[in-house]
Amino acid sequence: MARRAGEMILAANPSTITSGSKKNSSDLVTETDQAVEKMVSTTLKEKYPDYEFLGEETYQPGMHLTSAPTFVVDPIDGTVNFVHGHPYVSISLGFTNNKKPLVGVVFNPFTSALYTAIHGQGAYLNGTTRLPLKQSLEPLNGLSNALVAVEWGSDRSGVNWDVKCKTFQKLGEPKDKGGAMVHSMRSLGSAALNLCAVASGTLDVYWEAGCWAWDVAAGWVILEEAGGLMVDGNPGDWNPAVDARKYLAVRAAPEGQKEMVEEMWGMVQGRFEYEH
């Protein structure tokens, strides 16, 4: 099904896509998003009629992830990239039960990278390569040695925007100014693929807020099955809900995960206030 969705994405010409905005000019939706979600939801409903479905394009205010078995789907994670023809795009297919991510499939049709995981059975790239990619994992040695992913999101004013911008500055500033002086920051445009990159070990940290359960449910189980750690994007919560809308992911390592989380939390300037 992920590959079928990928074929639909590849068949769409970004230069002729009809796109619109949901909230503002950076919060885009296309006809392809809607068509892919319809295909996925219809296919899953036929096979699993008793399971619930939570998708980005059919979400309505007031809908919540429940404890029931639920497919949690983002038909195109990275819609802005898709509209611009930038190939960092994926379909994210997650499955939760009791609000816990148990199955994850993330597929980038432009690179044919397929990430999969089942709770308790490991995480894989293209079905055969076990994640993380490195055979010998390196310890995490603090933010000053880290490649960190962040995202701008579509909220561009208010408290949450201020927390992001001030924290970005803190992450980049030299240590003698109280900053972390990270190796660098990346803003790549797909939460699902960012989580897969942390699971793979090519990113050390991913700090995000403002996204939704469908952005992270699949990547979450892939990350955890690869030995990664997911905590809250706000300091203090080591066991966030999948629909908390603020997240901090840290790659697998023989040592340094807890210390990396605490150092990152120490850089966060304020607290996010997202409704979910």
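**Terms and their grounds**

Author: Tyrosine 274 is buried, with a relative accessible area of 11%. The model in which this value was computed is a predicted one.

Reader: Why is tyrosine 274 called buried?

Author: Buried requires a relative accessible area under 20%. Tyrosine 274 has 11%, so the term applies. Tyrosine 274 is found in the segment after α7. Apart from neighbours within four places in sequence, tyrosine 274 contacts Asp155, Asn160, Lys164, Ala209, Gly210 and Arg245.

Reader: How do you know that methionine 260 is buried?

Author: The relative accessible area of methionine 260 is 2%, and the limit for buried is under 20%, so methionine 260 qualifies. Methionine 260 belongs to helix α7. Beyond its neighbours within four places in sequence, methionine 260 touches Leu140, Gly142, Leu143, Ala146, Val205 and Val250.

Reader: What makes the buried residues of α7 line one face of the helix?

Author: In α7, which spans residues 257-267, the buried residues are Gln257, Met260, Val261, Met264, Trp265 and Met267. Viewed down the axis of α7, these buried residues fall within an arc of 155°, so they line one face. An α-helix has 3.6 residues a turn, so residues three or four places apart point the same way. Glu259 and Gly266, on the other side of α7, are exposed. The cover over the buried residues of α7 includes α4 (159-172), β12 (205-209), β13 (229-232) and β14.

Reader: What is noted about phi in asparagine 98 and in asparagine 126?

Author: Phi of asparagine 98 is near 55°, a positive value in a residue other than glycine. Asparagine 126 is likewise not a glycine, and its phi is positive, about 55°.

Reader: What makes the bond between leucine 131 and proline 132 a cis peptide bond?

Author: Omega is about 0° for the peptide bond that joins leucine 131 and proline 132, and this bond is cis. Proline 132 has its place in the loop between β9 (129-130) and β10 (147-149).

Reader: How do you know that α1 is roughly antiparallel to α2?

Author: The axes of α1 (residues 2-11) and α2 (residues 31-47) cross at roughly 160° and come within 10 Å. Angles over 145 degrees count as roughly antiparallel, so α1 and α2 are given that term. The crossing of α1 past α2 is right-handed. At their meeting, Arg4, Ala5, Met8 and Ile9 of α1 face Thr32, Ala35, Val36, Met39 and Thr43 of α2.

Reader: Why is α5 called roughly parallel to α6?

Author: For α5 and α6 the axes cross at roughly 10° and come within 8 Å. The limit for roughly parallel is under 35 degrees, so the term holds for α5 and α6. Ala191, Ala192, Leu195, Cys196, Val198 and Ala199 in α5 meet Asp215, Val216, Gly219, Trp220, Ile222 and Leu223 in α6.

Reader: What makes a set of residues a nonpolar core, and which residues have the most contacts inside the largest one?

Author: The residues must be buried, belong to the nonpolar types, and be joined through side-chain atoms within 4.5 Å. The largest such core has 37 residues, and Val106, Tyr115, Leu131 and Ile222 have the most contacts inside it. At least two residues each come from β7 (113-118), β8 (123-125), α5 (191-200), α6 (213-225) and β14 (246-250). The largest share, nine residues, is that of α6. A second, separate core has 25 residues, among them Met260, Val261, Met267 and Val268.

Reader: Which residues are in contact with valine 106?

Author: With neighbours within four places in sequence left aside, the contacts of valine 106 include Ser90, Ile91, Ser92, Tyr115, Cys196 and Ile222.

Note on methods: Residues are numbered from 1 along each chain as its sequence is written. This is a predicted model: local features need pLDDT of at least 70, side-chain atom pairs count only at pLDDT 80 or more; totals for chains, interfaces and linings use all residues. Side-chain values use heavy atoms; hydrogens and water are left out. Buried means under 20% relative accessible area, exposed over 50%, partly exposed in between (1.4 Å probe, protein chains only). Helices (H or I, at least four residues) and strands (E, at least two) are DSSP runs, numbered from the N terminus. Contact means heavy atoms within 4.5 Å. The arc is that of the directions from the helix axis to the C-beta atoms. Axes are lines fitted to C-alpha atoms, for helices over the stretch in contact, and angles run from 0 to 180 degrees between N-to-C directions. Angles under 35 degrees count as roughly parallel, over 145 as roughly antiparallel, 65 to 115 as roughly perpendicular and the rest as oblique. A crossing is left-handed if the near helix is turned anticlockwise from the far one by less than a right angle, and right-handed if clockwise.
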